[in-house]
Structure formats: C-alpha cells, structure tokens
Amino acid sequence: MEFLFHKWVFAFLFSFWLLFSIALSVEGLKENSKVRGVNLGGWLVIEGWIKPSLFDGIPNADMLDGTEVQFKSVTLQKYVSAENGGGSNVTVSRDIPSSWETFRLWRVSQMEFQLRSTQGQFWTCDFQGSSVSATTEAPGTNETFYIERLNNSSRIHIKLQSGIYLQEHRSSFITIGDFYFLSRHGINAVRIPVGWWIAYDPDPPAPFIGGSLAALDDAFSWAEEYNIKCIIDLHAAPGSQNGMEHSSSRDGSVDWPTSQDNINKTLDVIDFLASRYAKNPALLGIELLNEPSAAGVPLDIMLSYYQQGYRIVRKYSSSAYVIVCQRIGNADPLELYQANIGSTNVVVDLHYYNLFDTFFVNMNSSQNVDYIYKTRETQLQQLNNASGPLVFIGEWVNEWNVESGSKQDYKNFGKAQLDVYNAASFGWAYWTLKNDRKHWDFEWNIRKNYLEFSKSSSPGLQASNVVLFLVLTCSYLFLYQIL
C-alpha cells in the first residue's frame, strides 16, 4: 500500500511538471519549444541603412522623401510661401524664408515630387497651372510636380506631371537558401515585416511597388519546407505610426492615429492578411502594428485598434497568435497587460536595444552586460509572472555604443542576451537576418562565432522548468521520508 501511494504521488508530481512545461511552450512549434526567430528586415519594407548600396547612383539623391526645401524666384527674388503654413494660396511673396516657406518632399520619381507644407497640406494646381494652393490633404495627380534641375545646379523649373519610381531587390535579398541556413542553425521562426500596401498588390498606390505579396507567399512556402513558422509583422501603417522611414513616413509625420480612415484601412489590411494566411500551416501569428510611438499614438486609440485587430484575426483562426507591440518611447509594457485585448494566444512584443537612448551612450562592455542580467531580466520576470499575454522579445541585436569592443566582449554581450531572452515566455527574434552593418547581421554573427547557441538546445525546456522539476522531485522525496 505504501509503495503504491508513493508511485501515485510521483506520477502526480511528474504530470504536473509536464503540464507546466507545456504551458510555457508555444503552440504550433515542434518539441514544445518557444520562438527562436530572426527578422527578415529590409526585404519587403526597405530601410536604407540596412543596405545603403540599394540607393547608389540615384539621380537627385539629395531630394529624397522628407527633404526640406525652400524655393526662391530668380526673377522676383522672393521666396515661395504657403500662407499660414498651409490651408490657402501659395504665393511668391516673402523676402526672408521661415517655416511658411519650408516644404517637405514626397518623392514619386527621380524628377517628380509632391510638396507638403508645415501644416500638412499639399501643393495642388489646376490643369492650366494658373494657380497653386496648399489645400489638399491627400496627394494625387494634381499634386505631383515635375522638378527639372538646370545643369545639376540649385536652379530648377517646376511643372505638372505624374509618374512612378521603382526600386527592386526582393528576388535576391531573401531566398530559399536563407531558410535552409536558418533551419540548420536552430531557428524555428521568422518575423517578416510588411507594409500596408501589400493588401493592394500587385498595383499598390504610388510610390510603392508591386511584388511584396508574391514574395511573402514564397516565404511561407520556404518556411513550410524547412519546418519554420512565420510571424507577419505589419511594420508600416497608412500615415505612419511613428514617423520613421521603416513605417513609410514620407516626411517624419505621424498621421496614422489622427485619421480614422487610416485606422480603418489598417484593419482592412489585417483582415486581408488573416484571411489569406490563417489556414496556412506555416503561420504562427500576426503582429498588428510595429512600434507605435508613445509620443504620437494615444493609448486609448492604440488599445481600441488592438482589440479590433484581435477580433478580426479570430474571425479566421482560433489559434494564431495575435501579437501587440509595446509603444516605443515613454511607455510601460504593463499598460498592455492591464488592457483586455483578447482572451487567447495574445503576445506582447518588446524591443530590447542597448542603443537609441542617451542612457546607454557612456556604458562600457561590462556595464552593458550587467544591464542585461539585472534590468532586462528583472523586467522579463515581472512580465512572465503577470497574468495575461505571453512575452516576446521581437527585436534585439548584438550591437551597442561601445566603440572598442573586442570579439570576446561581443560574445559576452550576445551570451547575456541569449541567457536572458530565452526566458521570455513566447521567445525572441533577432534583428535582422541581413545587414550591411555586420553586428546587426545575424548570418555574419553566426558564421563568425559572435553569437553561439546550439540548434539542439531547444528554448522550450528552460531553467525554470528544470528548477520546477527538481523542486517537485525534492517534494516527493520529502514526502517519502515523512511517510
């Protein structure tokens, strides 16, 4: 009788440990593991800093999106001005330029541009060119001007015309060979940034170009072949959610939260992506919006959008993870845990960089490592213990502000991040697979042994699981001694 009781106690404790271990794993991944991923940045949403050579040889390279310009009439020696900074006529009337005389370029092609006033309205002109005003909120044909430079000088002619500018590298930047490489090195997921215009493929509005949807389809096929899961990350929303180039802001403006039309259009994009990929076996989750700005996106607007996005994904899938990104800037990730975004398979995405903040500027290598083990780990433990969503370190990088770090310094920094981020309840994804800046390049880090981890050491069985098993085993032995 005593022997049978001991067996029952051990079986109960062992079963409890198994349940707890599975609870810490991610549905849809093999061997009850968590996400060990890499971002495919710079592919479907092009970022110039990732591969600057894409922009080599571009005519009028000093007239890209967001460039601020002022125009002065050679004849009148007066500056072009948008009265009141926009909302009325454009005149040639000012002796000294200021904000009313400053315009931001939206580039359509190498010689075709749209011009935005400081108040946000675009230049517009009738077909005869007899009058110009800054009164249009959304640019079209009548708001597109041909700027002709004279002998590559600062002198120009402006006239009406429309067109399109293309820049293509999708077919070669990410290929099936990359998925093979990732599978060989223990990566089980990719986070794929996409822009809102993917829902309008193959004919998205200018200046965006078609083809990203076909590339995303390819990624799903390649992922399935190598047992890799896909997270679709809406990286760029209409009007921009943070004013940065990766969110398709044309001039630094954050217009997404100020326009219900932009928000509705974004929800339509989520509907498009969920309906297209919900039944695809390679889909792991959909991230509703990347890096909304705390300064530009009010919390109530973001939470309402997340709740609506969750319901849209659930129309098509009961199991796909719905990922919501923490606001960047002055925001606490706990604000997402205190909101009722959805009831099942919700994940909060945090982006951990020891960069982009003056706090990290003067840290040496050991201080950076200590920050990971102390501050980052403490926050992760707090969030892992909070009820509700799982935790995902959706972006991190083996780079810092240390200028003279040795290879061993980088290896220590990378090891610290892997040690800590492996504890995230959903997992992590490195930013990014390929980058001309070598320490941002995951492939380079692996090939040069700056990041080291074994593909066989699944993050599904973490130290917390092992500790729990040991605690339960010790509890059983303690009961045995008492009995």
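This is a predicted model: local features need pLDDT of at least 70, side-chain atom pairs count only at pLDDT 80 or more; totals for chains, interfaces and linings use all residues.

Visitor: What makes the phi of asparagine 84 worth a remark?

Guide: Most residues other than glycine have a negative phi. Asparagine 84 is not a glycine, and yet its phi is positive, at about 65 degrees. Glutamate 291 also has a positive phi without being a glycine, at about 45 degrees, and it is found in the loop between β13 (283–287) and α6 (299–316).

Visitor: Why is glutamate 291 called buried?

Guide: Buried means under 20% relative accessible area, exposed over 50%, and partly exposed in between (1.4 Å probe, protein chains only). Glutamate 291 has a relative accessible area of 7%, and therefore it is buried.

Visitor: And why is threonine 175 called partly exposed?

Guide: Threonine 175 has a relative accessible area of 29%, so it counts as partly exposed. Its place is in the loop between α2 (170–173) and α3 (176–184).

Visitor: What makes asparagine 398 count as buried?

Guide: The relative accessibility of asparagine 398 is 0%, and so it counts as buried. Leaving aside neighbours within four places in sequence, asparagine 398 is in contact with residues including Tyr410, Phe413 and His439, where contact means heavy atoms within 4.5 Å.

Visitor: Why are α4 and α5 called oblique to each other?

Guide: Two packed helices are described by the angle between their axes and the distance between the axes. Helix α4 (residues 212–225) and helix α5 (residues 260–277) pack at an angle of about 40 degrees, with their axes 13 Å apart. Angles under 35 degrees count as roughly parallel, over 145 as roughly antiparallel, 65 to 115 as roughly perpendicular and the rest as oblique. The two helices, α4 and α5, are therefore oblique.

Visitor: Which residues meet where α4 and α5 pack?

Guide: Leu213, Leu216, Asp217 and Phe220 in α4 meet Phe272, Leu273, Arg276 and Tyr277 in α5.

Note on methods: Residues are numbered from 1 along each chain as its sequence is written. Side-chain values use heavy atoms; hydrogens and water are left out. Helices (H or I, at least four residues) and strands (E, at least two) are DSSP runs, numbered from the N terminus. Axes are lines fitted to C-alpha atoms, for helices over the stretch in contact, and angles run from 0 to 180 degrees between N-to-C directions.
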